[in-house]
Amino acid sequence: MRTQLKKIIYEILEISSSTNLYSLADDIIIQFLIVLNITAFIASTSPVFSIEYKKIFEDIEIVSSLVFSLEYILRMWVCTVDSKYSHPFWGRIKYALTPLSIIDFVSILPFYLLLLFPKLSFVYLISLLRLLRLIKISRYSESVRTLGIVLDAKKEELFATAFAVFILLIFASSLMYFVESSAQPQSFGSIPDAMWWGVVTLTTVGYGDIYPITPIGRFLGSMLAFLGIGIFALPAGIISSGFSEEVQKRKQQKITENLEQSANFKSVEMPGGSEVSFEQKLPAIALNIENSSALMKLCVDRTKQNLGTAFESEEIIRDLAVHLYNETCRKFEL
């Protein structure tokens, strides 16, 4: 009975299936509390709202923190259902050290610290950790999970780009220090001071609080600004290509699943011995044509990407269409 209950709670909390009403209700409640809690936290920083709605903000924090605490305890209890965390002690330790579990724990920590040490000033700074609750939405948001998958897949390229930016920043800041330190000892008194100017220039923000005044310094600054435009476009391109690849991968998986579904269609005999009529076959035929044509389109698009303008033959497209027609007729005995 206890094992069965753990499995049920595990499916509600961890699997998050839209077909499970309890799981769906859990997802909606937790997401609503996260958004409500973050909204209350932001509004509480306003002098007007913090006085007028102080009691409401406190109640929201108490209720949401207790719910998040209960959720964390239940996750720790049922995590042993997963074979990766099956050990009753070390399995829970391993689960507690996963990134999302750490975020869950840290996000509820400020509530208990303020409860135990209300007069300690540093605790109010720790309350900023409540913002980590926003990351909890990644458990329930497909788009956030997709972003995480893309960043993980492209981590090597992003790291290489970040390393290149860091090297460029060191060189540019060092050169600017030696060029401008004599003319502006207060602004460019050290390489770390010059690095602030380098960051602002590389990102093309240009606050204007520090800028070169010597001819060589201005030349170096203009060159760094042009480099910044190009080098900071690299991460955006890497991430966008990662999203495109992930979307294509999911489309291909969906097409494959649908093709397998349509491939399982067989001519079923009616009780009287007669086969299924053409009208009854139509949904399966439509599904087969739709998925097959989508798969062909995907292959054509990929081929065009690889071969460029060299792949523009209408004859190939026509042959694919004829093949799809003949295959459909054969498969459904039309």
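Which residue caps the N-terminal end of α2? In this predicted model, the cap is Asn20. A side-chain oxygen of Asn20 lies 3.0 Å from the backbone nitrogen of Tyr22.

Helix α2 covers residues 21–43, 23 residues in total. From its first C-alpha to its last, α2 reaches 33 Å. That is close to the 33 Å expected at 1.5 Å a residue.

Several residues of α2 are buried. Ser23, Asp26, Asp27 and Ile30 are among them. Further along, the list continues with Leu33, Ile34, Asn37 and Ile38. Ala40, Phe41 and Ala43 are buried as well. An α-helix has 3.6 residues a turn, so residues three or four places apart point the same way. The buried residues of α2 pack against three helices: α1 (2–15), α3 (47–52) and α4 (54–78).

The protein chain as a whole has 14 helices and 0 strands. Of the 334 residues in the chain, 31% are buried. The chain exposes about 21500 Å². Carbon and sulfur atoms supply 68% of that area. Among contacts with a separation of 6 or more, 64% join residues 24 or more positions apart.

The average pLDDT is 79, and 74% of the residues score at least 70. Over residues 265–274, the pLDDT is below 50. Beyond near neighbours in sequence, this stretch has 10 contacts in the model.

Methods:
Residues numbered from 1 in each chain as written. Predicted model: local features only at pLDDT ≥ 70, side-chain atom pairs only at ≥ 80, totals over all residues. Heavy atoms only, no water. Helix = DSSP H or I, 4+ residues; strand = E, 2+ residues; numbered from the N terminus. Expected span 1.5 Å × (residues − 1). Buried < 20%, exposed > 50% of the residue type's maximum accessible area, 1.4 Å probe, protein only. Contact = heavy atoms within 4.5 Å. Polar contact = N/O pair within 3.5 Å; in protein donor to acceptor, adjacent residues only side chain to side chain. pLDDT = per-residue confidence, 0-100. Areas by Shrake-Rupley, 256 points an atom, 1.4 Å probe, with all protein chains shown as cover.
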